[in-house]
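The structure is shown first, and the description follows.

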Amino acid sequence: LLERLKTGVRDGSAFVLVFGASGSGKSSLLRAGLWNEVEKAEQDADWVRLLIGPKETAQADGSPVRALANALAASAYPIETSAATVEEELRKRPRQA
């Protein structure tokens, strides 16, 4: 898994997505050190780490895209902008956003 994440970062992937069934341990896996290991291996990478789970999605009216937009806007993606603007860009041009 670590090698797959590092490959995604090296290849310029806009997102590295970890997904699975509810309760399968996705958040635990990331929090347990996977993020830190990738960061150590890719020290020159300039990336924003976001963790969006059920709580964040629920706070975004159940919309995972809105939850992502909220998190990106809060992290100054790529400059300060509103969550609504980020969400609009994600929906209009998901491959370029």
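Predicted model: local features only at pLDDT ≥ 70, side-chain atom pairs only at ≥ 80, totals over all residues.

Residues are numbered from 1 along each chain as its sequence is written, and side-chain values use heavy atoms, with hydrogens and water left out.

**Overall fold**

The chain contains five helices and zero strands; helices (H or I, at least four residues) and strands (E, at least two) are DSSP runs, numbered from the N terminus. Of the 97 residues in the chain, 21% are buried; buried means under 20% relative accessible area, exposed over 50%, and partly exposed in between (1.4 Å probe, protein chains only). The accessible surface of the chain is about 7000 Å², and carbon and sulfur atoms contribute 50% of this surface; the areas come from the Shrake-Rupley method with a 1.4 Å probe, and for residues only the protein chains shown count as cover.

Helix 4 spans residues 64-74, and its residues Ala-67, Ala-69, Leu-72 and Ala-73 are buried. The cover over the buried residues of helix 4 includes helix 3 (54-59) and helix 5 (83-92). Just after helix 4, Ala-76 adopts a positive phi of about 65°.

The largest nonpolar core consists of five residues, Ala-69, Leu-72, Ala-73, Val-86 and Leu-90. Helix 4 and helix 5 are the elements that give two or more residues to this core, and helix 4 gives the most, with three. A nonpolar core is a set of buried Ala, Val, Leu, Ile, Met, Phe, Trp, Tyr and Cys residues joined through side-chain atoms within 4.5 Å.

**Salt bridges**

The structure holds six salt bridges, each being a side-chain nitrogen of Lys or Arg within 4 Å of a carboxyl oxygen of Asp or Glu. Three of them are listed here.

| Salt bridge | N to O distance |
|---|---|
| Glu-87 and Arg-91 | 3.1 Å |
| Glu-89 and Lys-92 | 3.6 Å |
| Glu-89 and Arg-93 | 2.4 Å |

Salt bridges with shared partners join Asp-61, Arg-66, Glu-87 and Arg-91 into one network. Glu-87 and Arg-91 lie four residues apart in helix 5, so about one helical turn separates them. Glu-87 is buried at 12% relative accessibility, whereas Arg-91 is partly exposed at 49%. Glu-89 and Lys-92 are three residues apart in helix 5, again about one helical turn.

Technical notes: Contact = heavy atoms within 4.5 Å.
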